[in-house]
Amino acid sequence: MPKSPYSHSKLSTFETCPRQFEYRYVQRIPRDTESIEAFLGKRVHEILERLYHHVGRHGRPPSLRQVLERYRQDWGLHWHENVKIVRKDRDAEFYRLHGERCLENYYRQHYPFEDGETVAIEHRIAIRLDEEGSYRARGIIDRLVRRGTGAYEIHDYKTGAWLPPRDRLARDRQLALYQLGVLQEFPDVEHVELVWHYLAFRKTISMTRSPEELETLRAETIKQIDTIEAATEYPTRPGPLCRWCEYRDICPDPALDPTAPPEAPPDGDGRTRRTPGDVWSASATSAEASSGESPREGKQLLLL
Ligand code: SF4
(Lines give C-alpha, C1' and ligand atoms only; values in the text may rest on other atoms or scores of the structure.)
Protein backbone atom coordinates (compact mmCIF):
# COMPACT_ATOMS: atom_id res chain seq x y z
CA MET A 1 0.00 0.00 0.00
CA PRO A 2 1.42 3.43 -0.91
CA LYS A 3 2.59 5.48 2.03
CA SER A 4 1.21 8.99 2.42
CA PRO A 5 3.40 11.58 0.73
CA TYR A 6 6.11 13.31 2.75
CA SER A 7 6.92 16.98 2.49
CA HIS A 8 10.41 18.29 3.12
CA SER A 9 9.11 19.95 6.28
CA LYS A 10 7.63 16.70 7.57
CA LEU A 11 10.98 14.96 7.11
CA SER A 12 12.80 17.89 8.72
CA THR A 13 10.51 17.93 11.73
CA PHE A 14 11.36 14.31 12.52
CA GLU A 15 15.06 15.04 12.13
CA THR A 16 14.88 18.09 14.38
CA CYS A 17 12.66 16.73 17.14
CA PRO A 18 10.83 13.39 16.97
CA ARG A 19 8.47 14.44 19.77
CA GLN A 20 7.37 17.51 17.87
CA PHE A 21 6.83 15.21 14.87
CA GLU A 22 4.62 12.98 16.97
CA TYR A 23 2.50 15.86 18.24
CA ARG A 24 2.15 17.40 14.80
CA TYR A 25 1.88 14.46 12.40
CA VAL A 26 0.96 11.39 14.46
CA GLN A 27 -1.35 12.79 17.12
CA ARG A 28 -2.23 15.80 14.98
CA ILE A 29 -2.73 18.02 17.99
CA PRO A 30 -4.24 21.24 16.65
CA ARG A 31 -2.76 24.61 17.47
CA ASP A 32 -4.20 27.97 16.52
CA THR A 33 -1.07 30.06 16.99
CA GLU A 34 1.03 31.19 14.07
CA SER A 35 4.56 32.50 14.38
CA ILE A 36 5.21 36.00 13.10
CA GLU A 37 7.90 34.53 10.85
CA ALA A 38 5.34 32.22 9.21
CA PHE A 39 2.84 35.08 8.92
CA LEU A 40 5.43 37.30 7.27
CA GLY A 41 6.56 34.54 4.90
CA LYS A 42 3.01 33.90 3.74
CA ARG A 43 2.32 37.59 3.06
CA VAL A 44 5.51 38.00 1.02
CA HIS A 45 4.88 34.82 -0.99
CA GLU A 46 1.31 35.91 -1.72
CA ILE A 47 2.45 39.29 -3.00
CA LEU A 48 5.09 37.76 -5.29
CA GLU A 49 2.47 35.36 -6.59
CA ARG A 50 0.14 38.26 -7.30
CA LEU A 51 2.95 40.18 -8.96
CA TYR A 52 3.72 37.44 -11.48
CA HIS A 53 0.04 36.82 -12.20
CA HIS A 54 -0.33 40.53 -12.82
CA VAL A 55 2.60 40.52 -15.25
CA GLY A 56 1.16 37.45 -17.01
CA ARG A 57 -2.25 39.00 -17.39
CA HIS A 58 -1.35 42.61 -18.21
CA GLY A 59 2.03 42.18 -19.86
CA ARG A 60 3.56 44.78 -17.57
CA PRO A 61 4.42 44.91 -13.88
CA PRO A 62 2.56 46.89 -11.25
CA SER A 63 4.48 49.78 -9.72
CA LEU A 64 6.54 49.25 -6.57
CA ARG A 65 4.13 51.58 -4.78
CA GLN A 66 1.19 49.30 -5.73
CA VAL A 67 3.08 46.23 -4.59
CA LEU A 68 3.91 47.68 -1.19
CA GLU A 69 0.41 49.11 -0.70
CA ARG A 70 -1.10 45.71 -1.37
CA TYR A 71 1.34 44.12 1.07
CA ARG A 72 0.43 46.59 3.82
CA GLN A 73 -3.27 46.08 3.13
CA ASP A 74 -2.95 42.27 3.23
CA TRP A 75 -0.86 42.43 6.39
CA GLY A 76 -3.68 44.28 8.15
CA LEU A 77 -6.43 42.11 6.67
CA HIS A 78 -4.80 38.84 7.74
CA TRP A 79 -3.47 39.94 11.11
CA HIS A 80 -4.95 37.99 14.02
CA GLU A 81 -4.45 37.84 17.76
CA ASN A 82 -2.75 34.45 17.69
CA VAL A 83 0.27 35.63 15.76
CA LYS A 84 3.12 34.86 18.13
CA ILE A 85 6.25 36.98 18.46
CA VAL A 86 8.92 34.98 20.27
CA ARG A 87 11.69 37.54 20.21
CA LYS A 88 10.86 40.09 22.84
CA ASP A 89 13.27 42.63 21.39
CA ARG A 90 11.12 42.92 18.24
CA ASP A 91 7.55 43.92 17.55
CA ALA A 92 5.09 43.33 14.71
CA GLU A 93 6.16 46.54 12.98
CA PHE A 94 9.75 45.29 12.82
CA TYR A 95 8.61 42.19 10.95
CA ARG A 96 6.22 44.09 8.69
CA LEU A 97 9.04 46.39 7.63
CA HIS A 98 11.32 43.40 7.11
CA GLY A 99 8.76 41.97 4.67
CA GLU A 100 8.53 45.32 2.93
CA ARG A 101 12.29 45.38 2.50
CA CYS A 102 12.23 41.83 1.10
CA LEU A 103 9.66 42.84 -1.51
CA GLU A 104 11.41 46.07 -2.42
CA ASN A 105 14.72 44.25 -2.83
CA TYR A 106 13.19 41.63 -5.08
CA TYR A 107 11.29 44.23 -7.10
CA ARG A 108 14.35 46.37 -7.76
CA GLN A 109 16.49 43.35 -8.58
CA HIS A 110 14.07 41.70 -11.00
CA TYR A 111 12.07 44.51 -12.59
CA PRO A 112 10.49 44.23 -15.22
CA PHE A 113 10.10 40.52 -14.38
CA GLU A 114 10.80 39.23 -17.86
CA ASP A 115 13.53 36.80 -16.87
CA GLY A 116 12.43 33.58 -18.52
CA GLU A 117 8.98 32.17 -19.15
CA THR A 118 6.97 31.62 -15.97
CA VAL A 119 5.55 28.11 -16.37
CA ALA A 120 3.84 27.92 -12.99
CA ILE A 121 3.50 29.85 -9.75
CA GLU A 122 2.95 28.19 -6.37
CA HIS A 123 2.96 24.89 -8.22
CA ARG A 124 2.07 21.78 -6.25
CA ILE A 125 4.55 19.13 -7.23
CA ALA A 126 4.15 15.38 -6.67
CA ILE A 127 7.32 13.30 -6.49
CA ARG A 128 7.51 9.53 -7.01
CA LEU A 129 10.51 8.15 -5.18
CA ASP A 130 10.29 4.55 -6.41
CA GLU A 131 8.97 2.77 -9.48
CA GLU A 132 5.94 1.34 -7.70
CA GLY A 133 4.90 4.69 -6.26
CA SER A 134 5.01 3.35 -2.69
CA TYR A 135 7.26 6.20 -1.57
CA ARG A 136 6.12 9.67 -2.46
CA ALA A 137 6.96 13.25 -1.61
CA ARG A 138 5.26 16.54 -2.34
CA GLY A 139 5.88 20.24 -2.18
CA ILE A 140 5.11 23.65 -3.60
CA ILE A 141 7.40 25.34 -6.10
CA ASP A 142 7.26 29.10 -5.63
CA ARG A 143 7.95 29.77 -9.30
CA LEU A 144 8.87 27.42 -12.13
CA VAL A 145 10.65 29.05 -15.07
CA ARG A 146 11.52 27.81 -18.55
CA ARG A 147 14.46 29.41 -20.26
CA GLY A 148 14.71 28.05 -23.77
CA THR A 149 14.17 24.49 -24.86
CA GLY A 150 14.35 22.03 -22.02
CA ALA A 151 15.99 24.42 -19.53
CA TYR A 152 14.01 24.82 -16.33
CA GLU A 153 14.58 26.75 -13.11
CA ILE A 154 13.02 26.05 -9.73
CA HIS A 155 12.79 29.33 -7.80
CA ASP A 156 12.33 29.56 -4.06
CA TYR A 157 11.83 32.73 -1.99
CA LYS A 158 13.37 32.95 1.45
CA THR A 159 12.37 35.71 3.86
CA GLY A 160 14.60 34.61 6.73
CA ALA A 161 17.30 36.69 8.33
CA TRP A 162 20.07 34.18 7.77
CA LEU A 163 22.04 33.48 4.62
CA PRO A 164 23.28 29.88 4.52
CA PRO A 165 26.70 29.11 3.07
CA ARG A 166 26.83 27.53 -0.39
CA ASP A 167 27.96 24.15 0.89
CA ARG A 168 24.85 23.94 3.00
CA LEU A 169 22.65 24.76 0.02
CA ALA A 170 24.54 22.16 -1.99
CA ARG A 171 23.11 19.60 0.45
CA ASP A 172 19.65 21.15 0.58
CA ARG A 173 16.97 18.52 0.15
CA GLN A 174 13.91 20.62 -0.59
CA LEU A 175 14.59 21.97 -4.06
CA ALA A 176 16.41 18.82 -5.15
CA LEU A 177 13.29 16.82 -4.30
CA TYR A 178 11.29 19.27 -6.38
CA GLN A 179 13.72 18.66 -9.23
CA LEU A 180 12.84 14.96 -9.14
CA GLY A 181 9.18 15.95 -9.46
CA VAL A 182 9.83 18.36 -12.33
CA LEU A 183 11.75 15.68 -14.21
CA GLN A 184 8.75 13.39 -13.82
CA GLU A 185 6.07 15.95 -14.69
CA PHE A 186 7.66 17.79 -17.63
CA PRO A 187 8.88 15.42 -20.34
CA ASP A 188 10.91 18.06 -22.20
CA VAL A 189 13.27 18.81 -19.27
CA GLU A 190 16.94 18.62 -20.19
CA HIS A 191 18.52 20.85 -17.58
CA VAL A 192 17.36 22.08 -14.17
CA GLU A 193 18.74 24.96 -12.14
CA LEU A 194 17.84 25.38 -8.47
CA VAL A 195 17.49 29.06 -7.56
CA TRP A 196 17.18 30.50 -4.05
CA HIS A 197 16.23 34.13 -3.53
CA TYR A 198 17.40 35.39 -0.15
CA LEU A 199 15.22 38.46 -0.27
CA ALA A 200 16.52 40.29 2.77
CA PHE A 201 20.06 40.08 1.38
CA ARG A 202 19.24 40.82 -2.29
CA LYS A 203 21.08 37.60 -2.97
CA THR A 204 20.24 34.99 -5.59
CA ILE A 205 22.05 31.66 -5.47
CA SER A 206 21.84 29.07 -8.25
CA MET A 207 23.02 25.48 -8.28
CA THR A 208 22.57 22.27 -10.19
CA ARG A 209 22.44 18.65 -9.07
CA SER A 210 24.03 15.79 -10.95
CA PRO A 211 22.02 12.62 -11.74
CA GLU A 212 24.21 10.80 -9.19
CA GLU A 213 23.39 13.35 -6.48
CA LEU A 214 19.70 13.06 -7.25
CA GLU A 215 19.90 9.29 -7.07
CA THR A 216 21.61 9.50 -3.67
CA LEU A 217 18.95 11.92 -2.46
CA ARG A 218 16.17 9.63 -3.67
CA ALA A 219 17.65 6.60 -1.89
CA GLU A 220 18.32 8.55 1.32
CA THR A 221 14.80 9.95 1.37
CA ILE A 222 13.31 6.47 1.03
CA LYS A 223 15.54 5.30 3.87
CA GLN A 224 14.45 8.21 6.02
CA ILE A 225 10.78 7.49 5.34
CA ASP A 226 11.35 3.88 6.38
CA THR A 227 12.98 5.07 9.61
CA ILE A 228 10.06 7.37 10.37
CA GLU A 229 7.44 4.75 9.59
CA ALA A 230 9.20 2.22 11.82
CA ALA A 231 9.42 4.62 14.77
CA THR A 232 7.55 3.58 17.89
CA GLU A 233 9.12 6.11 20.22
CA TYR A 234 9.44 9.85 19.70
CA PRO A 235 12.06 11.26 22.07
CA THR A 236 12.24 14.95 22.83
CA ARG A 237 15.24 16.81 21.47
CA PRO A 238 15.41 20.18 23.20
CA GLY A 239 17.30 23.01 21.59
CA PRO A 240 16.99 26.65 20.53
CA LEU A 241 14.01 25.88 18.30
CA CYS A 242 11.92 24.92 21.34
CA ARG A 243 11.16 28.62 21.73
CA TRP A 244 9.24 28.46 18.47
CA CYS A 245 7.64 25.09 19.16
CA GLU A 246 3.85 25.21 19.27
CA TYR A 247 3.84 22.24 21.66
CA ARG A 248 6.16 23.73 24.23
CA ASP A 249 3.27 23.94 26.73
CA ILE A 250 2.76 20.16 26.73
CA CYS A 251 6.32 19.02 26.14
CA PRO A 252 7.51 16.94 29.11
CA ASP A 253 11.22 17.45 28.56
CA PRO A 254 12.74 18.37 31.92
CA ALA A 255 15.12 20.77 30.21
CA LEU A 256 12.14 23.00 29.49
CA ASP A 257 10.22 25.11 31.91
CA PRO A 258 7.02 25.91 30.03
CA THR A 259 6.32 28.84 32.31
CA ALA A 260 9.71 30.45 31.80
CA PRO A 261 9.96 33.34 29.35
CA PRO A 262 12.13 32.70 26.29
CA GLU A 263 15.80 33.46 26.71
CA ALA A 264 17.88 35.61 24.40
CA PRO A 265 17.75 34.22 20.87
CA PRO A 266 20.61 32.03 19.67
CA ASP A 267 22.93 33.44 17.05
CA GLY A 268 23.63 31.67 13.79
CA ASP A 269 27.07 30.73 14.96
CA GLY A 270 27.04 27.08 13.97
CA ARG A 271 26.77 25.89 17.56
CA THR A 272 23.03 25.47 17.37
CA ARG A 273 21.40 22.71 15.38
CA ARG A 274 19.52 25.39 13.51
CA THR A 275 19.84 29.12 13.38
CA PRO A 276 17.12 31.73 13.77
CA GLY A 277 17.21 32.13 9.99
CA ASP A 278 16.07 28.55 9.67
CA VAL A 279 13.44 29.15 12.28
CA TRP A 280 11.74 31.55 9.95
CA SER A 281 11.14 28.85 7.37
CA ALA A 282 10.58 26.11 9.90
CA SER A 283 7.82 28.09 11.53
CA ALA A 284 6.03 28.42 8.24
CA THR A 285 5.95 24.67 7.94
CA SER A 286 4.42 24.26 11.35
CA ALA A 287 1.47 26.27 10.15
CA GLU A 288 1.21 23.98 7.12
CA ALA A 289 1.22 20.96 9.31
CA SER A 290 -1.37 22.08 11.79
CA SER A 291 -3.82 22.89 9.04
CA GLY A 292 -3.01 19.67 7.21
CA GLU A 293 -2.07 21.52 4.06
CA SER A 294 -0.01 24.39 2.89
CA PRO A 295 -1.36 27.79 3.89
CA ARG A 296 -0.50 28.87 0.37
CA GLU A 297 -2.74 26.33 -1.32
CA GLY A 298 -6.38 26.67 -2.14
CA LYS A 299 -6.77 29.85 -4.10
CA GLN A 300 -5.09 31.62 -6.95
CA LEU A 301 -4.06 35.15 -6.10
CA LEU A 302 -4.59 37.07 -9.24
CA LEU A 303 -4.01 40.77 -9.24
CA LEU A 304 -2.45 43.48 -7.19
S1 SF4 B 1 9.47 21.93 23.03
FE2 SF4 B 1 11.41 21.29 22.10
S3 SF4 B 1 11.77 19.19 22.82
FE4 SF4 B 1 9.62 19.68 23.19
S5 SF4 B 1 8.51 18.93 21.40
FE6 SF4 B 1 8.98 21.07 21.03
S7 SF4 B 1 10.93 21.07 19.90
FE8 SF4 B 1 10.71 19.05 20.87
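**Close-up views of a predicted model**

**View A.** Arg202 is partly exposed, with 14 other C-beta atoms within 10 Å of its own. The model is predicted, so local features are given only at pLDDT of at least 70 and side-chain atom pairs count only at pLDDT 80 or more, whereas totals for chains, interfaces and linings use all residues. Residues are numbered from 1 along each chain as its sequence is written. A residue is called buried if 20 or more other C-beta atoms, placed from the backbone, lie within 10 Å of its own, exposed if 12 or fewer do, and partly exposed in between. Although Arg202 is not a glycine, it has a positive phi of about 55 degrees, and it is found in the loop between S7 and strand S8 (203–207). Helices (H or I, at least four residues) and strands (E, at least two) are DSSP runs numbered from the N terminus, and in this chain they come to nine helices and eight strands.

**View B.** Arg28, which is not a glycine, likewise has a positive phi, here of about 50 degrees. The residue lies in the loop between H2 and strand S2 (34–35), where Arg28 is exposed, with 11 other C-beta atoms within 10 Å.

**View C.** A cis peptide bond joins Tyr111 to Pro112, with omega near 5 degrees. Pro112 belongs to the loop between H5 and S4.

**View D.** Helix H4 (residues 64–78) and helix H5 (residues 92–110) cross at roughly 155 degrees, their axes coming within 10 Å. Axes are lines fitted to C-alpha atoms, for helices over the stretch in contact, and angles run from 0 to 180 degrees between N-to-C directions. This crossing makes H4 roughly antiparallel to H5, in a scheme where angles under 35 degrees count as roughly parallel, over 145 as roughly antiparallel, 65 to 115 as roughly perpendicular and the rest as oblique. The crossing of H4 and H5 is right-handed; a crossing is right-handed if the near helix is turned clockwise from the far one by less than a right angle, and left-handed if anticlockwise. Leu64, Val67, Leu68, Tyr71 and Trp75 of H4 make the contact with Arg96, Gly99, Glu100, Leu103, Glu104 and Tyr107 of H5, two residues being in contact if their C-beta atoms, placed from the backbone, lie within 7 Å.

**View E.** Helix H3 (residues 36–58) packs on H5 at an angle of about 30 degrees, with the axes 10 Å apart. H3 and H5 are therefore roughly parallel to each other, and their crossing is right-handed. From H3, Ile36, Leu40, Arg43, Val44, Ile47 and Leu48 meet Ala92, Tyr95, His98, Gly99, Cys102, Leu103 and Tyr106 in H5.

**View F.** The largest nonpolar core holds 26 residues, of which Ile127, Leu144, Tyr152, Ile154, Leu177, Tyr178 and Val182 touch the most other members. A nonpolar core is a set of buried Ala, Val, Leu, Ile, Met, Phe, Trp, Tyr and Cys residues joined through C-beta atoms within 7 Å. Among the elements that give two or more residues to this core are helix H1 (8–16), strand S4 (117–128) and helix H7 (174–185), and H7 gives the most, with six residues. The core lies between domain 1 (6–112 + 234–291) and domain 2 (117–230), because both give residues to it; the domain bounds come from an automatic or database domain assignment. Leaving aside residues up to four places away in sequence, Leu177 touches His8, Ile127, Ala137, Gly139, Leu217 and Thr221.
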